[in-house]
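Hi there,

Here is the structure I promised to pass on to you. Have a look at it first, and then read on for what I found.

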Amino acid sequence: MTPASMNAERRCRRFRAGLALWAGAALLFATSLMGATAPVLALSEIQREELPPPATGTPPGQAAPEQTVPTPDPVQPPGSSETEKPDTEEPAETSPPDDQQPPQEPDGTEAEPDEPLPEIQYDLTKLPEPVQNLRDRILEAAKSGDLERLRPLLGSGDEQTQLALGGISGDPIAYLKELAGDEEGQEILAILEEVLSAGYVHMDAGTPNDLYIWPYFFAVPLDKLTAPQRVELFKIITAGDYDDMKAYGAYIFYRIGITPDGKWSFFIAGD
């Protein structure tokens with residue numbers, strides 16, 4: 001081997017030795033570094049240490065109580081407060097059932113209870129004798145066809161028979177002729193006969209207004225009449241008159257009143 005070759009070989013050995021020495025020193029340095037750092041922790045230990053601590057008051061190893069969402073207080077209307085109490089409502093007044101309420105007139109006033117209907121009579125023997133005699137005389141004059149025969153029966157002065165609701169002035173026979181549809185007043189005589197042929201009622205017995213009245217329709221509501229009674233009514237008035245009277249609510253055609261002592265009190269029509 002030549003000296004040049006030997007020098008080169010030496011340089012290579014020194015280089016390799018220096019390299020090994022450097023590598024050992026590096027390894028030693030790295031080992032010292034690793035010894036100086038904290039020991040490596042397991043993953044489970046890292047997670048346990050990094051978890052947030054349990055809530056205050058919860059014993060270790062127990063789960064924290066389930067948290068509930070607080071319920072908001074009810075919304076109070078504006079201007080009210082929790083201390084305000086609702087006004088106490090007064091109990092509503094109750095009305096008695098309709099079937100217990102007193103009947104009322106169309107104007108709202110209380111109606112009088114239905115009064116019992118008067119007894120309708122056809123038996124002339126139940127009439128006082130003065131009443132029977134006057135009735136017979138009026139019928140006799142009516143059937144004669146002569147209106148003048150009524151004059152002595154009508155009376156005069158304060159005792160004169162009432163022929164109109166407001167009274168009359170002048171001759172009563174002349175007034176009756178004016179009421180009739182014919183010149184002789186025979187229509188009035190026919191009405192007298194029909195009225196006195198119907199049933200009658202005795203009103204206000206035992207009082208100063210005691211009267212026997214024909215026809216009884218005057219004292220009986222029209223809506224209470226039976227079918228046979230309406231037939232009797234149509235002998236005196238027409239169906240048109242009947243409809244008008246139903247609208248009014250009462251019989252308002254001619255009627256005759258005689259006192260118990262035989263005085264002809266009235267022969268009038270109207271309300």
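In this predicted model, four strands make up an open sheet, running in the order S1-S2-S3-S4 with antiparallel pairing. S1 and S4 are the edge strands, since each of them pairs on one side only. On average, and ignoring direction, neighbouring strands of the sheet are turned by 20° against each other. As a reminder, strands of a sheet pair through backbone hydrogen bonds, either parallel or antiparallel.

Tyrosine 212 has isoleucine 258 in S3 as its bridge partner.

In the loop between S1 (201-203) and S2 you will find threonine 207. Its relative accessibility is 36%, so threonine 207 counts as partly exposed. The side chain of threonine 207 reaches the backbone oxygen of aspartate 204 at 2.7 Å.

Next, helix H3. With 16 residues (129-144) at 1.5 Å a residue, H3 should span 22 Å, and the 23 Å between its end C-alpha atoms agrees with that. Which residues of H3 are buried? They are Val131, Leu134, Arg135, Ile138, Leu139, Ala141 and Ala142. These residues cover an arc of only 160° around the axis, so they lie on the same side of H3. The face turned away from that buried side carries the exposed residues Glu129 and Lys143.

What do the buried residues of H3 pack against? Their partners are helices H4 (151-154) and H6 (186-197), together with strands S2 (211-214), S3 (255-258) and S4 (264-268). After H3 comes glycine 145, with a positive phi near 85°.

Enjoy exploring!

Definitions and conventions
Residues are numbered from 1 along each chain as its sequence is written. This is a predicted model: local features need pLDDT of at least 70, side-chain atom pairs count only at pLDDT 80 or more; totals for chains, interfaces and linings use all residues. Side-chain values use heavy atoms; hydrogens and water are left out. Helices (H or I, at least four residues) and strands (E, at least two) are DSSP runs, numbered from the N terminus. The expected span of a helix is 1.5 Å times one less than its number of residues. Buried means under 20% relative accessible area, exposed over 50%, partly exposed in between (1.4 Å probe, protein chains only). The arc is that of the directions from the helix axis to the C-beta atoms. Contact means heavy atoms within 4.5 Å. A polar contact is a pair of N or O atoms within 3.5 Å; within protein, one must be able to donate a hydrogen and the other to accept it, and residues adjacent in sequence count only if both atoms are side-chain atoms. Two strands pair if DSSP finds at least two bridges between them. Axes are lines fitted to C-alpha atoms, for helices over the stretch in contact, and angles run from 0 to 180 degrees between N-to-C directions.
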